[in-house]
Every structure is written in structure tokens, then in C-alpha cells.
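Here are some notes to read beside the structure.

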Amino acid sequence: MNLVDLHCDTILQLMDQDSGAELRRNHFHVDLEKMRRADSLAQVFALFVNLEKTANPWERYQQMADCFYRELDKNQDEISFAGSYEEIIHNQRQGKMSALLAIEEGGVLQGSMEKLHQVYERGVRLLTLTWNYPNEIGFPNCRTECQRQGLTSFGHDAVAEMNRLGMIIDVSHLSDQGFYDVAHGSSRPFVASHSNARTVWDHTRNLNDDMLRLLAEKGGVTGLNFCAGFLGSASLSRVEDMVRHLWHIRNVGGMDVLAIGTDFDGIEPKLEINDMGEMDKLVTALQRQGFSTTETEKIFSGNALRVLRDVLR
């Protein structure tokens, strides 16, 4: 069963945690061998930049992009860059997995439309508008005082330009009001790349039912996040909690809004699904709990592929 994962932080781990690690094989959640075991079709690699720990966010982004492309160059036999749906299918026909490039922190752009164009030219196809700090685009949902603050003027302009370019807008981490601003302002489907259901577990990183319905109406998806704190447990990321969230999201927004956004290599390692190579555990649990093979395929790849086809150019 093919997998499209909308979010992992593996590039950060390769840069900062283990200088000897490589994408082909490592002790992190994601490497090429584990991806093969998961029948991975496409992986979105996020370049995460922490604004409070980075003196120059733009330079940090460039360093991480260099790392991403170095790893692809070393592993051309297994994986290739994809900037469009058509390139994903082309890579698949060549027997290769696809790597898509994302930025997790719109503050990297520093309020510059020129920088938005530059990241697009370098291959970035998904932008998480905020992380946990306010930036020139908008505000994070982790801070109570920010939740009712929406997109800035530049944020509205950036959404419109991303629509024009064919970039995927990602609202994970964004304030509630920012979510609604994107929903009302975007002419194309958008995503919450790694967010769960707030009704199942009341965490600001999750989406409430109104958001889930609106996301579905816009043709977007939310990627199931494997973080224990967003699923319902402080100590262990459990498969049964993942299924609870997926059932609820299905009941609220329908089958077409479900996707996978593991957040692997950005979350604590107390997981029943220990790494990407164990994704079959979720397949088994879903089918035991009443999801058909066709529905499971939609969750694992079909719905995300539809968004990639509809948005990317």
C-alpha cells in the first residue's frame, strides 16, 4: 500500500544530531530502507527553522536545503526530487521514491515576496505558514493571546501568490483566526500537514470540527500526527488513539480529508509505531476497526496525491 507522508523533520536530524548519519540508513524514524518497507511513494521533507534559536533564518534554510539536495544526489538510485504530481508518477515508473521539499516556518521569508519566489525556484512546494512564534505572515496557535489574530497584510498577499505559483499552503501551527483567513482567502485546496482532531484531544495544535468541515469543503487534507501529546497520551503514541482520531475526522469531514503527516524525527520516540518501517501496524489496525482497503489507501496516499495533483504546477 503506497504511502505519502506530508511531514517529517529528518533533515534537521541529519544536520544537527548525528554528523555521521545519512538518509540511506540511520537510527532516526525515517531513512530510505525504512521508507521502502513502508512502500513509500512520496515523502515531504520539512526544513524546520526555529526563529528564536537562529540568528539568520534565511541562511539556516539555505543550509538545510543544501543538505536535502546532497542526500538526494547520493541516493539517486532510490529517490528523486519531485516538484509536481507528474514527477511523482514519473519517479514511481522509474522504480524510485519521491522527495518533496517543504519549509516549516514562514518567518524564513522575512516578509519578502522575492524570497517566496526564490524558495519556489529552489524546489519548495509546501510552506507551513508559522511555527510557534509570530512572524510576518501570521500568528501561532500555541499562544492564547495569538489565537484570535489572523494573517497579516503580507500573509494575505503570500497566500494569493502561493495560489498563483502552485504552492501548498500549510496551516498546521497557525492560529485559529489564521486558519479561517486562509480558508476564506485561498482559491486552491490547502492542508494541515500534521494535525489531529481537537474534539478527540483538546490541544491547540489540533483542528476543531468546524475547521475539519471547512478544510474538507475546500478540498484539503489533514495529516495524522503521530505525536503522543496531540493524540491523547502524555507518555506513548498509541495506534488505537490514531484510529480514534481518524474515525472522528472521517465522521466530521468525510473520507477525502484524511491523510498522513507523521511528524517523524520531530517527536519523542515513545511510539508503538517505532519508525517509518512499521507503518503496517496502522494498516492492520485500520482494517480491524472497519476501514476498507480502498478507504485505507485514501488515507495513506490517495487523498494527499489528489491535493498534490490539484495544487502543484
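1. Start with the words. D39, for example, lies in the loop between helix 2 (32-37) and strand 2 (40-48). Keep in mind that this is a predicted model.

2. Overall make-up. The chain has twelve helices and nine strands. Its C-alpha atoms fill a box of roughly 45 × 45 × 35 Å along the principal axes. A compact globule of 313 residues would have a radius of gyration near 20 Å, and the chain, with 18 Å, agrees with that.

3. Of the 313 residues, 64% count as buried. The accessible surface of the chain comes to about 12,100 Å². Carbon and sulfur atoms own 43% of that surface.

4. Contacts along the sequence. Residues 24 or more positions apart account for 68% of them.

5. Charges. The chain carries 32 positive and 45 negative charges. How far apart are their mean positions? The answer is 2 Å.

6. Aromatic pairs. A pair of aromatic rings is described by the distance of the centres and the angle of the planes. The count for this chain comes to ten aromatic pairs. One of them joins W131 and Y133. Their ring centres are 5.7 Å apart, with 65° between the planes, and the pair is edge-to-face. Are these two residues buried or exposed? W131 has 17% relative accessibility, so it counts as buried. Y133 is buried as well, with a relative accessible area of 16%. The cut-off for buried is under 20%.

7. A pair across two loops. The ring centres of F226 and F264 are 5.3 Å apart and their planes stand at 85°, so this pair is edge-to-face. F226 lies in the loop between strand 8 (221-224) and helix 9 (228-231). F264 lies in the loop between strand 9 (258-260) and helix 11 (280-288). The pair therefore ties together parts that are 38 residues apart in sequence. F226 is buried, at 0% relative accessibility. F264 is buried, also at 0%.

8. A ring cluster. Find F45, F68, Y69 and F81 in the structure. Ring pairs link these residues into a cluster.

9. Helix 7. Why is helix 7 (residues 176-185) described as largely enclosed by the rest of the structure? Because seven of its ten residues are buried. The buried ones are D176, G178, F179, Y180, D181, V182 and A183. What covers them includes helix 6 (153-165), strand 6 (168-170) and helix 8 (209-217).

10. Backbone angles to check. Most residues other than glycine have a negative phi. D39 has a positive phi, near 60°, and is not a glycine. With 33% relative accessibility, D39 counts as partly exposed. H173 is another non-glycine residue with a positive phi, of about 80°. Where is H173 found? H173 sits in the loop between strand 6 and helix 7. H173 is buried, with a relative accessible area of 9%.

Notes
Residues are numbered from 1 along each chain as its sequence is written. This is a predicted model: local features need pLDDT of at least 70, side-chain atom pairs count only at pLDDT 80 or more; totals for chains, interfaces and linings use all residues. Side-chain values use heavy atoms; hydrogens and water are left out. Helices (H or I, at least four residues) and strands (E, at least two) are DSSP runs, numbered from the N terminus. The radius of gyration is taken over C-alpha atoms; the globule rule is 2.2 Å times the number of residues to the power 0.38. Buried means under 20% relative accessible area, exposed over 50%, partly exposed in between (1.4 Å probe, protein chains only). Contact means heavy atoms within 4.5 Å. Accessible areas come from the Shrake-Rupley method with a 1.4 Å probe; for residues, only the protein chains shown count as cover. Lys and Arg count as positive and Asp and Glu as negative; His and the chain ends are not counted. The place of a charge is taken as NZ of Lys, CZ of Arg, CG of Asp or CD of Glu. Rings of Phe, Tyr and Trp (its six-membered ring) pair if their centres lie within 6.5 Å; planes under 30 degrees apart count as stacked, over 60 as edge-to-face and the rest as tilted.
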